[in-house]
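Subject: Structure handover and notes

Dear colleague,

I am passing on the structure below, together with some notes for a first reading. Please keep it open beside this message while you go through them.

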Amino acid sequence: NETVNETTALGVAAVFSAVSLLADSVASLPIRVYRTQGGLTTEQPLPGWLRNPSAVSTPFELMHQIVSSMALHGNAYVLLDHNARRDIVQLEALHPNNVTVWSANGRTRSYSVNSSTIDPADLLHIRWWTPAQAVKGLSPLEMQKTTIGLALAMERHLAQFYGEGATPSSVLETDTNLTPEQAQVLRET
């Protein structure tokens with residue numbers, strides 16, 4: 001029985017490649033801000049919090065973290081740091097394992113981060129596949145746990161099989177007669 005979590009799943013080449021392709025592609029896209037007023041749309045300068053989201057993340061890293069969280073966990077959480085005027089000044093991606101989401105009435109969501117309640121106005125919650133009335137997006141890791149576990153078990157088995165010096169045997173057949181020279185070449189290769 002294989003343990004399937006974010007770390008072990010990323011050890012499967014197909015999972016790592018898929019998540020990396022999605023996150024790298026989206027994070028490398030340019031960010032543009034537009035304003036439509038009176039039927040006229042104009043490009044605006046990027047706000048500071050998009051040019052420099054935080055002291056620990058570049059815009060590329062932040063977007064990469066958001067897309068990776070969605071691809072693995074089905075949810076991404078971004079903490080919005082506001083100044084006294086309630087303007088956004090900084091963004092911080094939160095790991096989905098550190099965020100708890102619940103709904104007491106089925107209409108609004110409540111959040112806590114590491115057991116501290118967070119005002120929903122201070123948290124951006126991006127959900128991927130979301131069933132009706134669900135408070136969270138479906139986790140691809142949970143939905144594909146059996147498939148990922150099978151891949152991990154197969155990799156472990158093959159590593160042990162070949163690591164102990166195993167050599168699979170084989171038989172080659174042909175519907176024509178081989179010359180002695182051709183048979184010798186096959187035997188040597």
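Helices (H or I, at least four residues) and strands (E, at least two) are DSSP runs, numbered from the N terminus. The place of Ser-69 in that scheme is helix α4. This is a predicted model, in which local features need pLDDT of at least 70 and side-chain atom pairs count only at pLDDT 80 or more, whereas totals for chains, interfaces and linings use all residues. Residues are numbered from 1 along each chain as its sequence is written, and side-chain values use heavy atoms, with hydrogens and water left out.

The chain as a whole

The secondary structure of the protein chain comes to seven helices and eight strands. With a radius of gyration of 26 Å, well over the 16 Å that the globule rule gives for 189 residues, the protein chain is more spread out than a compact globule (the radius is taken over C-alpha atoms, and the rule is 2.2 Å times the number of residues to the power 0.38). The C-alpha trace spans about 90 × 40 × 35 Å along its principal axes. Of the 189 residues, 25% are buried, where buried means under 20% relative accessible area, exposed means over 50%, and partly exposed lies in between (1.4 Å probe, protein chains only). Contact means heavy atoms within 4.5 Å, and among contacts between residues at least 6 apart in sequence, 54% join residues at least 24 apart.

Two packed helices

Two packed helices are described by the angle between their axes and the distance between the axes. Helix α2 (residues 13–27) and helix α4 (residues 59–73) pack at an angle of about 140 degrees, with their axes 8 Å apart; the axes are lines fitted to C-alpha atoms, for helices over the stretch in contact, and angles run from 0 to 180 degrees between N-to-C directions. The two helices are therefore oblique to each other, given that angles under 35 degrees count as roughly parallel, over 145 as roughly antiparallel, 65 to 115 as roughly perpendicular and the rest as oblique. In this packing, Val-15, Val-19, Leu-22, Ala-23, Asp-24, Val-26 and Ala-27 of α2 meet Phe-60, Met-63, His-64, Val-67, Ser-68, Ala-71 and Leu-72 of α4.

Also in α4, Ser-69 is buried, with a relative accessible area of 12%. Not counting residues up to four places away in sequence, Ser-69 touches Gly-74, Asn-75, Ala-76, Leu-94 and Pro-96.

Strand and loop residues

Thr-41 lies in strand β2 (residues 40–44) and is partly exposed, at 46% relative accessible area. Leaving aside neighbours within four places in sequence, Thr-41 is in contact with Tyr-34, Arg-35 and Thr-36, while its C-alpha atom is separated by 28 Å from that of Val-67, 26 residues away along the chain.

Pro-30, in the loop between α2 and β1 (33–37), counts as exposed at 58% relative accessibility. Pro-30 and Arg-109 are 79 residues apart in sequence and 31 Å apart in space, C-alpha to C-alpha.

Finally, there are two backbone angles to look at. Arg-86, in the loop between β3 (75–82) and β4 (88–94), has a phi near 70 degrees, a positive value in a residue other than glycine, and counts as partly exposed at 45% relative accessibility. Asn-114, in the loop between β6 (110–113) and β7 (116–118), has a positive phi of about 50 degrees although it is not a glycine, and counts as exposed at 54% relative accessibility.
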